[in-house]
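Please consult the sequence and the structure while reading.

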Amino acid sequence: MLTLFFSAAEDGRSAAHALLRAVLAEDFGLESPVFARSPGGKPCLENAPLQFSLSHSGPFALCGVGDAPLGVDVERVRPRRPGLPRFALSDREFQWFTGRGGRWEDFYTLWTLKESFVKYTGQGLNVAPRSIAVPLLSPGESGIFRGLWFRSYGAPGWRAACCGQEEPQELKRISDPFQAI
């Protein structure tokens, strides 16, 4: 079963790793997990059937753990250079983005869906971002696109997404990931 954990802490990177270690220890009994990398460079567990994905941006941390491959991404919403949406989004996605008012929140909704797919594949962002097709989902929506489950999440100041073979569930919010261990 795919489980997602979200936290906002002072240091999102440290929080993401703390979330993963806590989940592995508490939910799966892996007190001292050994990490490795897949041939594509994706972090994985050595000698354990579980899959995981981590993301962090500013104070935000997202951790996903499941039985099948998955990818997660979280992004702090902030303005970027004006040409970025046209560069990163396909024509279909750009039309959706501009039709909703061209807000950065909507750009990051699409961007996190793209990043979650790239993390699912484990290949990294080795193609033009606009060539990575994703479903047009608003935060709180999920659906199957090209045989994979996608779900978008969001609140003021952040957007997140998950992509995988299993249907993503609601985020489990952890107030202090360092105490969850």
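Q: Which residue just after α3 takes a positive phi?
A: In this predicted model, helix α3 covers residues 91–99. Just after α3, a positive phi of about 105° is found at Gly101.

Q: Which residues of helix α3 are buried?
A: On one side of α3, Asp91, Gln95 and Gly99 are exposed. The buried residues are Glu93, Trp96 and Phe97. They share a side of α3 because they cover an arc of only 100°.

Q: Is α3 roughly parallel or antiparallel to α4?
A: The axes of the two helices come within 9 Å and cross at roughly 150°. An angle over 145 degrees counts as roughly antiparallel. Therefore α3 is, relative to α4, roughly antiparallel.

Q: Are the rings of Phe107 and Trp111 stacked or edge-to-face?
A: Both residues lie in helix α4, four residues apart, about one turn of the helix. Phe107 is buried at 2% relative accessibility, and Trp111 is buried at 15%. The ring centres are 6.1 Å apart and the planes stand at 15°, so the pair is stacked.

Q: What is the pair formed by the rings of Trp104 and Phe107?
A: Trp104 and Phe107 are three residues apart in α4. Their ring centres are 5.6 Å apart with planes at 85°, so the pair is edge-to-face.

Conventions: Residues are numbered from 1 along each chain as its sequence is written. This is a predicted model: local features need pLDDT of at least 70, side-chain atom pairs count only at pLDDT 80 or more; totals for chains, interfaces and linings use all residues. Side-chain values use heavy atoms; hydrogens and water are left out. Buried means under 20% relative accessible area, exposed over 50%, partly exposed in between (1.4 Å probe, protein chains only). The arc is that of the directions from the helix axis to the C-beta atoms. Axes are lines fitted to C-alpha atoms, for helices over the stretch in contact, and angles run from 0 to 180 degrees between N-to-C directions. Angles under 35 degrees count as roughly parallel, over 145 as roughly antiparallel, 65 to 115 as roughly perpendicular and the rest as oblique. Rings of Phe, Tyr and Trp (its six-membered ring) pair if their centres lie within 6.5 Å; planes under 30 degrees apart count as stacked, over 60 as edge-to-face and the rest as tilted.
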